[in-house]
Amino acid sequence: MNADTEAVWLDEGHITASLEAHKVEVPALVAETLAKAEELHGLNADDAAALLAVKDPELRDRIFHAAARVKERIYGRRVVLFAPLYFSSLCGNECLYCAFRSRNTEVRRRALSMQEIDAETRILLRQGHKRLLLVAGEAYPGSGIDYVLDTIDTVYAAREDGASIRRVNVNLAPLSVEDFRRLGERHIGTFQLFQETYHRPTYARVHLAGPKRNFDWRASCFDRAMLAGIDDVGMGLLYGLYDWRFETLALLSHIGHLEERFGVGCHTISVPRMEPAAGSEMAMCPPHPLGDDDFLLLIAVLRLAVPYTGIILSTRENATLRQQALELGVSQISAGSRTSPGGYAETAGEDTDNTDFDAAQFRRGDCRNLEEVIADLAERGYIPSFCTGCYRKGRTGKDFMDLARPGLISRKCTPNALSTFEEYLLDYASPATRALGENAIARCLEDMDDKVRKTSERLLHDVRAGQRDVYC
């Protein structure tokens, strides 16, 4: 078997056995596992299984409090913000849960021209965004991967009042090693791919046609990316297709495989739940729905299991749940999102509902614009961050983890978060939002040690003096 093309690491029997062994919560084992987690060395799949089995509210609260402490120690009050830019809804796959599936006639399809991609990017720049995630259906017009590479170039080249996108992350179909090398030459941030489900029988049932039907080619994608030199990857699942506990343990197994083979796991984990999508009965009624309480538990367990990995929560979830999830482990969120190609131009960036539902990949739960999200975060003491310093300093993959594991990365991330937040407050925020933000910055500075505070104050001084894009 070849790990470059097959999921040699996935042992469904072991996962099932681990879940069976931990069907009943054991308070003493939970306490022991939480003590281990708070040492910040992570948890293995069996440890995670013990925590995922917990149903008692008091024991769950202990897990939640442990996750909150771990997140605070590693991330502080930083929250990374980004926006998705959907550039095509063309797709050659028949995935029963997705509005973009190839046989769906209820969705309006569109592949953006380079001029339209430039226009979408400039709309996001006017809002204050600096980090974008490019997303598309898994069929590209024209010459295929060349269209994607041209899209990345177009986004990086876009300018609006001197501002530009500083880092492009991409969510794309699996590629060959050769095409991954070409992608890496475009200086992307994170390559992101969702396995959707790690349960092979379920995977076969929900992927009826197209290249995505090949489970192993998709599940081995990150091996090829890392062989090509892309060491910053983001995993994801679509919760609702199969048992959430099985999926979470399989995800941790996947991370463990990458750590064993390449010395570094994934940089981010996305945890979307299935949401209604035009033309998809399955999306309207998920086969394995995941309730809010269990969803928050799995986020907390992931934070404990992989403490230095970013957890992403999109606008699929409503504002209230996103606020809860931030406390328990989520460290990155999208804001002001549109999930249809051309969606920012079509809605002028101002709609507060799902008027683009018949062209979108899914229905959004949080329709607030970027400033509304930032004001809410600042009021609750968070520091919204548009930082891209690590990508441009080369602190990715193993280099990032070498700083993260001993707790040193926050000495870079916190000053960079403050400087990018100050840029937003000066260049884009209303007076009310700026006041909230400056208060949040002042409180953050008070809690720093002297060295980090001096670095932060230097960067803030430079931004307030008119400099932009300063980072350490």
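Reply: Helices (H or I, at least four residues) and strands (E, at least two) are DSSP runs, numbered from the N terminus. This is a predicted model, in which local features need pLDDT of at least 70 and side-chain atom pairs pLDDT 80 or more, while totals for chains, interfaces and linings use all residues. Residues are numbered from 1 along each chain as its sequence is written, and side-chain values use heavy atoms, with hydrogens and water left out.

Start with a loop. Ala277 sits between strand S8 (268-270) and helix H12 (281-284). Ala277 has a relative accessible area of 0%, so it is buried (under 20%; over 50% is exposed, in between is partly exposed; 1.4 Å probe, protein chains only). Beyond its neighbours within four places in sequence, Ala277 is in contact (heavy atoms within 4.5 Å) with Tyr97, Ala99, Ala283, Met284, Phe357, Gln361 and Phe362. Asp449 is another matter: 172 residues separate it from Ala277 in sequence, and 48 Å in space, C-alpha to C-alpha.

Now the helices. H3 (45-52) is largely enclosed by the rest of the structure, because 7 of its 8 residues are buried. These are Ala45, Asp47, Ala48, Ala49, Ala50, Leu51 and Leu52. They pack against helix H1 (12-21), H2, H4, helix H11 (244-262) and H13.

H2 (residues 27-37) buries Val30, Thr33, Leu34 and Ala37. Those residues line one face of H2, since they fall within an arc of 100° seen down its axis (directions from the helix axis to the C-beta atoms). Ala28 and Glu32 are exposed on the other side of H2. The cover over the buried residues of H2 includes H3, H4 (57-75) and H13 (292-305).

H4 also packs with H14 (residues 319-328), at an angle of about 70° and with the axes 7 Å apart (lines fitted to C-alpha atoms over the stretch in contact, angles from 0 to 180 degrees between N-to-C directions). H4 and H14 are therefore roughly perpendicular (65 to 115 degrees; under 35 is roughly parallel, over 145 roughly antiparallel, the rest oblique). Phe64, Ala67, Ala68 and Lys71 of H4 meet Leu326, Glu327 and Leu328 of H14. This contact of H4 with H14 holds 5 nonpolar, no polar and 2 charged residues (nonpolar: Ala, Val, Leu, Ile, Met, Phe, Trp, Tyr, Cys, Pro; charged: Asp, Glu, Lys, Arg; polar: the others, Gly among them).

Another pair is H19 (residues 410-427) and H21 (residues 450-464). Their axes come within 9 Å and cross at roughly 25°. That makes H19 roughly parallel to H21. H19 brings Arg411, Pro415, Asn416, Leu418, Ser419, Glu422, Glu423 and Leu426 to the contact, and H21 brings Lys451, Val452, Thr455, Ser456, Leu459, Leu460, Val463 and Arg464. The contact of H19 with H21 splits into 7 nonpolar, 4 polar and 5 charged residues.

Last, two backbone angles. Most residues other than glycine have a negative phi. Asp161 has a positive phi, near 50°, and is not a glycine. Asp161 lies in the loop between helix H6 (145-157) and strand S4 (167-171). With a relative accessible area of 79%, Asp161 is exposed. Glu196 has a positive phi of about 75° and is not a glycine either. Its loop runs between strand S5 (191-192) and helix H8 (200-206). Glu196 counts as buried, at 9% relative accessibility.
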